[in-house]
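Biologist: I would like a close look at one part of this model. Please take me through it step by step.

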Amino acid sequence: MTAQIEYVRLAQTLPPRLLKFFARYPPTLKSVTSQQEVATSVQTSVNTSSASHDGAESTLNIAVSPSDSPNPFKPHKHPETGRWHDPVFSLRRQADLVKLAKANGVEELLPYTLKGSDEGRRRREDHGLRVKGTGIGQRVKGKAWERTMKSRLGERKQAMLGMPAMVQQWKQLGHGRGWKKFPR
């Protein structure tokens, strides 16, 4: 009973966008921790006192499969036509919902999505940072001016070191007469 009261309080604090999402796509009883979705069984007790004379309750297993309630974040195949339908929510809207759910502490209730925190962590572990040049012995390509800057600065330094001799030669030749080293 206290758990139900806590859920009601939690639902009252959720933003309307999340409430609308959970009303349309209620969270499943399973916690999806991987991309593989397995059908789960839900046990509901049905009073069969009219059917049986002893008045005992029996349990009925109902299989809830992903096809019964498709994930709105994934494309799905139409059962009759066999054509694929796009996800209900685009990747941008998925990311917005995940951020909103994360801020309210209910991210684990959302269906599986590529934008989820768990999936992001898993991808980072599998693939690493994936920025070219950040590995061992690799160099970042950079822009052309960045790649040539070291050599240009070296040339400039050599030119500055040779500047007094150049000025002296300029003065000896008569301020430009016969001068061959005009800068470009």
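How are α2 and α3 oriented to each other, and why?

Modeller: A caution before the details: this is a predicted model. Helix α2 covers residues 16-24 and helix α3 covers residues 91-104. They pack at an angle of about 110°, with their axes 10 Å apart. Angles of 65 to 115 degrees count as roughly perpendicular. Therefore α2 and α3 are roughly perpendicular to each other.

Now the contact itself. From α2 come Arg17, Leu18 and Phe21. They meet Arg93, Asp96, Leu97, Leu100, Ala101 and Asn104 in α3. By class, this contact has five nonpolar, one polar and three charged residues.

Next, the two sides of α2. Leu18, Phe21 and Phe22 are buried. Seen down the helix axis, the buried residues of α2 fall within an arc of 95°, so they line one face of the helix. That buried set packs against α3. On the other side of α2, Pro16, Lys20, Ala23 and Arg24 are exposed.

Leu18, Phe21 and Phe22 belong to the largest nonpolar core, which has twelve residues. Leu110 touches residues of both stretches: leaving aside neighbours within four places in sequence, Leu110 is in contact with Phe21, Phe22, Leu97, Val98 and Ala101. In soluble globular proteins, nonpolar side chains tend to be buried together.

Key
Residues numbered from 1 in each chain as written. Predicted model: local features only at pLDDT ≥ 70, side-chain atom pairs only at ≥ 80, totals over all residues. Heavy atoms only, no water. Axes fitted to C-alpha atoms, helices over the stretch in contact; angles between N-to-C directions. Helix = DSSP H or I, 4+ residues; strand = E, 2+ residues; numbered from the N terminus. Parallel < 35°, antiparallel > 145°, perpendicular 65-115°, else oblique. Contact = heavy atoms within 4.5 Å. Nonpolar A, V, L, I, M, F, W, Y, C, P; charged D, E, K, R; others polar. Core = buried A, V, L, I, M, F, W, Y, C linked by side-chain atoms within 4.5 Å. Buried < 20%, exposed > 50% of the residue type's maximum accessible area, 1.4 Å probe, protein only. Arc of directions from axis to C-beta.
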